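Here is a short briefing to keep beside you while you turn the structure on screen. Take the topics in any order you like.

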Amino acid sequence: MSSHRSVPESLALLTEGYAWLPDLMRAEGDTALNLRVLGRPALAVRGPEAVRFFYDEEHVRRHGALPGPVLSTLFGHGAVHTLDGDAHRQRKSLFLPLLETDAVTGSAEHIATAWDEAVPYWRQQPSVVLFDAVGRVITRGVCRWAGVPLAEDEEEPLARDLLAMVDGFATAGARHWRARRARTRQEQRFAGLVTEVRSGTARAPEDSVLDRVCRHRDATGAEMTPRIAAVELLNVIRPTTALSYFVAFAAHALHRWPEHGKRLRAGEAGFATAFAHEVRRFYPFAPFLGGQAVTDLTWQGRHVPAGGLVLLDVYGQNHDERLWKDPYSFRPERFLDRPPRRDELIPQGGADPRTGHRCPGEALAVGILETLSRRLADLSYEVPPQDLTISLDRIPTRPRSGMIIRTLG
């Protein structure tokens with residue numbers, strides 16, 4: 001049996017952040033590593049074959065693997081992310097329409113319209129914190145697309161809560177408790193909306209996300225409770241609004257490498273998609289994903305017993321020189337030469353989104369990021385002096401300033 005290196009994981013993750021697991025694996029010189037996490041034996045893996053290993057339900061399950069603090073902030077207790085087998089497949093069917101071209105196009109159009117509505121207001125301000133402003137834009141657009149009613153005075157508080165849920169999922173202290181309060185507040189609000197739709201006192205547009213959530217039945221044939229329905233409704237709205245991180249990163253990239261803005265403005269075939277993929281690959285978001293070993297497992301000579309943890313090194317894989325030439329160079333052209341294969345680029349997980357745990361909203365994310373990257377390149381603005389540091393110690397990270405811009409004209 002391979003020995004399990006004892007790692008003070010809680011402290012290390014808080015202090016080393018995204019570099020924690022890649023540094024451990026680099027020191028080992030392998031794509032697999034035994035360690036001990038939260039007092040349990042764990043196996044960390046990386047690479048396309050490892051992705052397929054990780055997402056095979058005969059090997060790894062998600063149920064019981066996600067820590068309570070992550071469920072209480074990011075995903076919600078009882079969410080699809082916590083299910084396996086038939087229960088997961090039935091609940092996942094609720095999200096599969098997000099894979100369709102019409103959904104991608106429709107969501108991007110609504111969010112682009114919300115962007116266009118916001119720009120005149122930005123022009124009246126001395127400066128705009130793009131991260132926060134885009135959060136409001138995406139919240140407005142995705143709620144319209146999903147059929148969720150949103151009064152003007154509700155837009156900013158909802159956007160603030162959605163971003164807080166993401167900001168506090170991997171930390172302790174004030175950010176974490178802010179995220180918990182935000183989730184509790186919005187789960188109650190969305191559960192009330194579900195109850196009103198089911199009782200007929202509120203209307204959900206036919207076949208909208210809200211309508212499908214309210215009508216969905218789980219593997220037992222029962223409706224989801226209002227709270228679980230609210231959790232899953234938030235699991236469409238919240239990750240879409242979290243694209244604010246990637247839009248801020250896109251602005252950071254355009255500031256550092258302005259030649260890419262020229263190519264976006266020129267409408268070069270395929271470049272917006274390549275740019276979106278490279279933003280998602282190059283900039284950090286999820287450090288790793290975790291699951292539980294279903295049985296005693298062996299991967300590349302490394303062992304983990306049943307009930308142990310299996311970690312998929314997301315950040316490390318997205319920067320692995322065996323997969324990406326010059327991985328720490330920002331080069332959208334790499335995706336013009338060859339679109340990413342399914343289990344290579346994994347900022348939102350791997351495997352088949354129709355049957356596995358890969359995010360079914362990934363196509364939505366790419367489509368919206370393409371659209372807003374073009375909008376950003378077309379916007380006349382300047383970047384005043386500010387702290388544009390992106391700390392790898394902070395999870396999730398972003399430009400420290402939030403990416404401040406001054407619109408022109």
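What follows is a look at the whole chain, then at some of its strands, helices and loops.

This is a predicted model. The protein chain has 17 helices and 11 strands.

**The chain as a whole**

- Along the principal axes, the C-alpha atoms of the protein chain fill a box of roughly 65 × 55 × 40 Å.
- Of the 409 residues in the protein chain, 57% are buried.
- Among contacts in the protein chain with a separation of 6 or more, 72% are between residues 24 or more positions apart.

**Strand β3 and its partners**

- Strand β3 covers residues 40–45 and is mostly covered, with five of its six residues buried.
- Strand β2 (residues 32–37) runs antiparallel to β3, and six bridges join the two.
- To find this pairing on screen, look for Val37, which stands opposite Arg40 in β3.
- Two residues lie between the strands in the hairpin of β2 and β3, where Leu38 takes a positive phi near 50°.
- β3 also pairs with strand β9 (residues 309–312), in the parallel sense and over four bridges.
- In that pairing, Ala44 stands opposite Leu311 in β9.
- As a general point, side chains in a regular strand alternate between the two faces of the sheet.

**A three-stranded open sheet**

- An open sheet is formed by three strands in the order β5-β11-β10, with antiparallel pairing.
- Its edge strands, β5 (128–129) and β10 (381–382), each pair on one side only.
- β10 and strand β11 (residues 404–407) are antiparallel and pair over two bridges.
- Glu382 has Arg406 in β11 as its bridge partner.

**Helix α4, largely enclosed**

- Why is helix α4 (residues 68–75) described as largely enclosed by the rest of the structure? Six of its eight residues are buried, so the rest of the structure largely encloses α4.
- The buried residues are Val70, Leu71, Ser72, Thr73, Leu74 and Phe75.
- Those buried residues of α4 pack against α8, α9 and α11 (226–241).
- Just after α4 comes Gly76, which takes a positive phi of about 95°.

**Where α6 meets α17**

- The axes of helix α6 (residues 101–123) and helix α17 (residues 362–378) come within 9 Å and cross at roughly 35°.
- The crossing of α6 and α17 is right-handed.
- On the α6 side, the contact is made by Ala103, Val104, Ser107, Ala108, Ile111, Ala112, Trp115 and Asp116.
- On the α17 side, the residues are Ala363, Leu364, Gly367, Ile368, Thr371, Leu372, Arg375 and Leu376.
- By class, this contact of α6 with α17 has 11 nonpolar, three polar and two charged residues.
- An α-helix has 3.6 residues a turn, so residues three or four places apart point the same way.

**A loop residue, Ala172**

- Which loop holds Ala172? Ala172 lies in the loop between α8 (152–167) and α9 (174–199).
- Is Ala172 buried or exposed? Its relative accessible area is 54%, and exposed means over 50%, so Ala172 counts as exposed.
- Ala172 and Ser208 are 36 residues apart in sequence, and their C-alpha atoms are 36 Å apart in space.

Notes
Residues numbered from 1 in each chain as written. Predicted model: local features only at pLDDT ≥ 70, side-chain atom pairs only at ≥ 80, totals over all residues. Heavy atoms only, no water. Axes fitted to C-alpha atoms, helices over the stretch in contact; angles between N-to-C directions. Left-handed = near helix turned anticlockwise from the far one by under 90°. Contact = heavy atoms within 4.5 Å. Nonpolar A, V, L, I, M, F, W, Y, C, P; charged D, E, K, R; others polar. Buried < 20%, exposed > 50% of the residue type's maximum accessible area, 1.4 Å probe, protein only. Pairing = 2+ DSSP bridges.
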